Amino acid sequence: MQWFKIPEKIYFEAGSIGYLEKMPDIERAFIVTDEGMVKLGYVDRIIYHLRKRQKHVHCEIFSEVESDPSFDTIKKGVEQMNIFNPDVIIAIGGGSPMDAAKAVGLITGIREMEEIKDLHDYSAIGSRSAVAAKAKRSRLLITIPTTAGTGAETTQSSVLTSAAHGMKYSFMSPASMADLCIVDPEFTIGMPAAPTIHTGLDALAHCIEGVVGITTNEYSQMIDLECIRKIWTWLPVAVSDPKNVRAREEMAWAAHNAMTAGGSANGHAIAHAIGSKYHIIHAMACMYTIPTVIRHFGEASHEAIVRLAQVINAPIYGDAEKDADSVAEKVKAFYKSFGYTTLQETLKEKGYEISCDEFAESLIDFTLDDFKSRVWNPPIHESREAVKEVCRKIYNEK
Ligand SMILES: [Fe+2]
């Protein structure tokens with residue numbers, strides 16, 4: 001399957017936030033963000049540019065978005081937006097504000113949503129349902145990332161948290177795609193080491209899963225491999241030299257394009273489950289999952305794994321299993337160079353004394369639930385036993 005979908009317009013360059021001045025006919029802008037973005041003056045910059053050309057643009061700020069936004073937050077956003085009645089929704093921030101904005105915008109386009117008490121229940125029938133296919137967003141959506149990692153500005157899904165179910169899940173619809181992305185690398189200049197590492201490694205996970213997932217295609221693989229090459233080269237530079245403009249531009253390009261390239265990342269369902277259950281930061285959960293994902297697709301995606309090996313300079317042996325192992329180990333060395341350790345050590349640090357079997361068993365329902373919510377690329381496995389086996393392997397990666 002050749003699958004490739006990106007927003008209609010993408011402005012990418014340092015200073016591209018100024019394109020907001022060129023937006024025609026904006027009268028009422030609903031800005032979805034978090035408190036940090038308000039305090040750091042990012043929201044003021046948006047308003048400044050909106051009003052530079054059109055003095056009377058009314059702006060309403062919804063800044064209650066927390067990390068891993070909950071359905072309650074989405075409901076509050078919908079209420080506030082319906083009262084304000086904007087003609088455009090502008091999301092600014094990391095992945096959470098963008099995911100929240102996409103969900104808020106979408107809900108107003110689905111009549112049936114009024115009946116739904118928790119988005120998770122809707123998500124269980126997910127993108128395959130006729131309801132999602134019919135959904136339309138009634139307002140223009142502009143996404144403006146301030147990190148280089150999630151790629152949420154360009155995806156059709158939101159990762160949300162259901163308090164009722166105690167889990168993160170993906171909420172997806174083609175109608176969630178932004179009309180315009182403004183990717184301005186200047187926003188990331190000077191970002192401290194920790195968020196630079198976490199967001200950069202999240203982007204790396206997106207690319208690797210895209211390459212090894214067996215529905216990769218000519219377009220997506222070419223882009224994903226280029227993103228990996230950039231991350232491999234420039235993430236260490238961005239971490240050691242936070243004001244390096246070139247490094248920030250390359251990372252912004254890679255993070256954005258990682259998510260424009262074809263289907264969805266498949267190890268992410270397990271990473272979401274690990275994150276929900278053990279409160280491990282998203283990128284870390286992704287990285288601890290990735291070596292097993294690579295090995296899992298070793299046979300089916302041998303050709304792609306050899307290409308990946310060439311990009312990251314991993315030895316190739318001409319044998320599917322050995323080549324997958326070689327790439328998996330090289331990726332481990334890369335994330336460990338940023339201070340990540342192992343899943344078992346991280347679990348211990350967080351106070352979870354848990355056996356391999358307990359760990360694997362605890363993730364099965366969450367993972368299978370997440371598989372239902374969107375079209376994964378492809379799911380790692382859909383049976384309980386197979387998911388358990390994959391989770392056991394993840395636990396035992398050293
Ligand atoms: Fe991710």
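Helix H3 passes helix H4 in a right-handed crossing, meaning that the near helix is turned clockwise from the far one by less than a right angle. This is a predicted model, in which local features need pLDDT of at least 70, side-chain atom pairs count only at pLDDT 80 or more, and totals for chains, interfaces and linings use all residues. Numbering starts from 1 along each chain as its sequence is written. The axes of H3 (residues 71–84) and H4 (residues 95–107) come within 9 Å and cross at roughly 55°; axes here are lines fitted to C-alpha atoms over the stretch in contact, with angles from 0 to 180 degrees between N-to-C directions. On the H3 side the contact (C-beta atoms, placed from the backbone, within 7 Å) is made by Thr-73, Ile-74, Gly-77, Val-78 and Met-81, and on the H4 side by Ala-100, Ala-103, Val-104 and Ile-107.

Now for strand E4 (residues 88–93): six of its six residues are buried, so E4 is largely enclosed by the rest of the structure. Buried stands for 20 or more other C-beta atoms within 10 Å, exposed for 12 or fewer, and partly exposed for anything in between. Val-88, Ile-90 and Ile-92 cover one side of E4, with Ile-89, Ala-91 and Gly-93 on the other. Strand E2 (residues 28–32) runs parallel to E4, joined by four bridges (pairing takes at least two DSSP bridges), and Ile-31 has Ile-90 as its bridge partner. E4 also pairs with strand E5 (residues 140–145), again parallel, over six bridges.

Methods
Helices (H or I, at least four residues) and strands (E, at least two) are DSSP runs, numbered from the N terminus. Two residues are in contact if their C-beta atoms, placed from the backbone, lie within 7 Å.
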